[in-house]
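Hello,

Here is the structure you asked for. My notes follow below it.

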Amino acid sequence: MDMTRIRDRMVEHHVTRRGIRDPGVTEAMRTVPREKFVPPGSEEFAYEDAPLAIGEGQTISQPFIVALMLEKANLDAGDTVLEVGTGSGYASALLSRITRHVYSIERHERLALQAKERFEKLEYRNIDVRVGDGSKGWAEAAPFDAIIVSASAPEVPTALKEQLGLGGRLIIPVGRCDAQRLKRVTRTGDATFEEEDLGGVLFVPLIGEDAWTATHPMYT
Ligand code: SAM
């Protein structure tokens with residue numbers, strides 16, 4: 001099977017036709033083999049525009065939404081970025097093709113280890129993965145030019161805002177499972193931030209100290 005053609009078709013049908021134009025994002029999506037980020041047996045669905053189960057009750061996000069989040073982050077080749085919610089590793093892999101360095105944090109150890117193995121096999125060497133609570137960010141590696149949060153928080157976690165560099169962009173879904181909005185928070189000054197609404201989305205919950213609790217009724 002010619003995976004390059006299949007990937008090109010996915011980008012055309014599910015990404016560019018729906019308005020994503022950032023060449024860095026579309027080129028990364030043409031390059032990163034999404035079929036290597038889904039569980040064995042799900043490869044044939046890897047290029048559909050749908051989330052897929054990856055174990056631990058989690059999902060690899062729908063390609064269009066990933067493309068939208070990355071485009072809205074206005075990424076540059078020299079950027080250092082943080083992804084909260086590594087999951088399968090697919091979004092971090094895309095980020096690693098676009099930017100200089102990616103820090104990626106995941107609360108499920110098994111998913112983090114699997115993602116790390118995938119990056120090693122693909123020789124994506126500019127990604128650091130850590131197991132932990134990403135609602136607190138990754139202070140030692142801050143400041144970040146961009147932070148992508150791939151799970152929905154009750155509100156924007158303070159630590160993530162504080163770990164943005166000046167001009168840094170935080171893309172984060174906020175809200176309960178039935179009423180989430182995708183937000184872009186831009187650091188405009190030492191203590192000033194601009195917040196924009198980017199539309200309705202549906203993500204798994206961000207679970208952590210500065211997020212939902214694992215037993216929150218909304219998510220049990
Ligand atoms: N970006 C991922 C990909 O490309 O496969 C998809 C991420 S999935 C929609 C959301 C992930 O966020 C899950 O793997 C979940 O375990 C993780 N997560 C939830 N709360 C977290 C937290 N506080 N810190 C780190 N990861 C968290």
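Two residues are in contact if their C-beta atoms, placed from the backbone, lie within 7 Å. Among contacts in the chain between residues at least 6 apart in sequence, 55% join residues at least 24 apart.

Two points before the rest. This is a predicted model: local features need pLDDT of at least 70, side-chain atom pairs count only at pLDDT 80 or more, and totals for chains, interfaces and linings use all residues. Residues are numbered from 1 along each chain as its sequence is written.

**Fold.** The chain has six helices and nine strands. These are DSSP runs, numbered from the N terminus (helices: H or I, at least four residues; strands: E, at least two). The radius of gyration is 16 Å, close to the 17 Å of the globule rule for 220 residues, so the chain is as compact as a globular protein of that length. That radius is taken over C-alpha atoms, and the rule is 2.2 Å times the number of residues to the power 0.38. The C-alpha trace spans about 50 × 40 × 30 Å along its principal axes.

**Ligand.** The ligand is surrounded by 26 residues. The closest are G85, G87, S88, G134 and G208. Elements giving two or more residues to this shell are β2 (58–60), α4 (90–98) and β4 (101–106). β2 gives the most, with three residues.

Regards

Key
Near = placed C-beta within 6 Å.
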